[in-house]
Amino acid sequence: MLSSIKLTSRSVREYEGDAKIEDQVANNLDNKAVDTPGITSSHDSAETDNLPQSSVTEPRRKTHSIKGRLVALDAVRGLAVLGMYLQHFGSNPSVSALVSGTTTLLFVLCGGISYSIMGQRMMDRGAEVVAFRARMLARAVFVDIIGYFLIMLNTSYGIILPAYAAMFVLALVLFRRSTRTIVTTAAVLLVTAPPLMILGSSLFSKAYLLSDIAGGPMSALALTPAFVAGMAIGRFNLTSLRTALSLAGSGIVMLVIGKALAAFILPNWRLHFEQWLISVLGTAPVQPDEYAIWPLNTETPMWQLLLGTAPHSASTFQTLIGLGISLLVLGLACFVAKRFSTVLVPFAAVGRVALTMYAIQFVVVWILDLTKIGHSLEGVPFADIMIAVATLLLGLMIAQRPVGPLEGLMRRFDRLFSPTQPVSQTVK
């Protein structure tokens, strides 16, 4: 886990759609392909034009990428988006039980991986730390704005983009730290984040900006363990077979431990814990006065969530299970990318325009509910298959563009805050 990623040995232009340039990109990719798509995309011509060439030459190795992107990571992000579509539009209880909550953690995990790769890529190309911080702060603002536009649609589903934006900012503390520090932080957050976010959901229930940071299961604090774990994984060589097997093996271990605890240990613990809470709080706690001064107007913290495993409960155990599934999926995708990468292409297309695809589902739900049509396909034969096919086709269609609509807007926005002159620092 202490190995650092090795990136391209020279600066390249990455204009998609130009065959000559694509060949140059393919030839210049070295030990690790760079993948920073979706919300943390960094395939910007401004960046690649202005950064200096590296003076370090590394041996070229085969990578499993398309146009400089890791197919496996794009595909896993695409699977997360596909799972959200199945959850929001489908009606199969078994499918919903599998994807609910898990897709969110998988999406966040991929975001952490891309964040780490993007930061390391910019540093290795000679960019100064302030340039990366400025870009992440700009993207945090952009993602937050998109998130609140989606929240204004008032659909029945939670929006994680404001929490995502907060994680972009909070992660700036870690992106220059060692892999050991990042792994340790992820482990500590896995245990400490749940009680803190439950306390935050009480204290910040009337403060929406603060609740995005630490106010419940959909807040940044609740999702940060997965994001920080992704930052650590971003330090690995994801094109390595050993990495693929390690990720899949770690995921299986975490999944087995989480499921065993949920089946044999937690029910008894939860019963005794809830009985203790009732004895302390009483069977009918007094409701807070909403007109009282803070914090006398806050609701009682829902401490019973600490031992839950329900989707989006964000407990230690639900996160452990969700991360186990996510690591297993990521490891399998990395393995498949080495042998049968063509299989992943449709899912990778969705992953390359993840921000656009994420936003589209809520707009569709809003339109269907507004017109009284309803967005559930309950009772329709093969509804989940239809949703999956439609999602993949939509992703493939949008991915034919050089960049997704929202991804393009985000790049234009963050260029306003990015340096336009070449930096003088060289790669060491």
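Biologist: How many salt bridges does the structure hold?

Modeller: Side chains of opposite charge can pair when their charged atoms come close. Here a salt bridge is a side-chain nitrogen of Lys or Arg within 4 Å of a carboxyl oxygen of Asp or Glu. The structure holds three. This is a predicted model, in which local features need pLDDT of at least 70, side-chain atom pairs count only at pLDDT 80 or more, and totals for chains, interfaces and linings use all residues. Residues are numbered from 1 along each chain as its sequence is written, and side-chain values use heavy atoms, with hydrogens and water left out.

Biologist: Which residues meet Asp414 in salt bridges?

Modeller: Arg135 does, at 3.8 Å from N to O. Asp414 lies in helix H16 (residues 405-415) and Arg135 in helix H6, so this pair ties together parts 279 residues apart in sequence. Helices are DSSP runs of H or I with at least four residues, numbered from the N terminus. Arg139 also meets Asp414, at 2.3 Å from N to O. Arg139 lies in helix H6 too, so that pair links parts 275 residues apart in sequence. Through shared partners, Arg135, Arg139 and Asp414 form one network.

Biologist: Are Asp414 and Arg139 buried or exposed?

Modeller: Buried means under 20% relative accessible area, with a 1.4 Å probe and protein chains only. Both Asp414 and Arg139 are buried, and Arg135 is buried as well.

Biologist: What is the partner of Arg77?

Modeller: Asp74, with the closest N and O atoms 3.5 Å apart.

Key. Helix = DSSP H or I, 4+ residues; strand = E, 2+ residues; numbered from the N terminus. Buried < 20%, exposed > 50% of the residue type's maximum accessible area, 1.4 Å probe, protein only.
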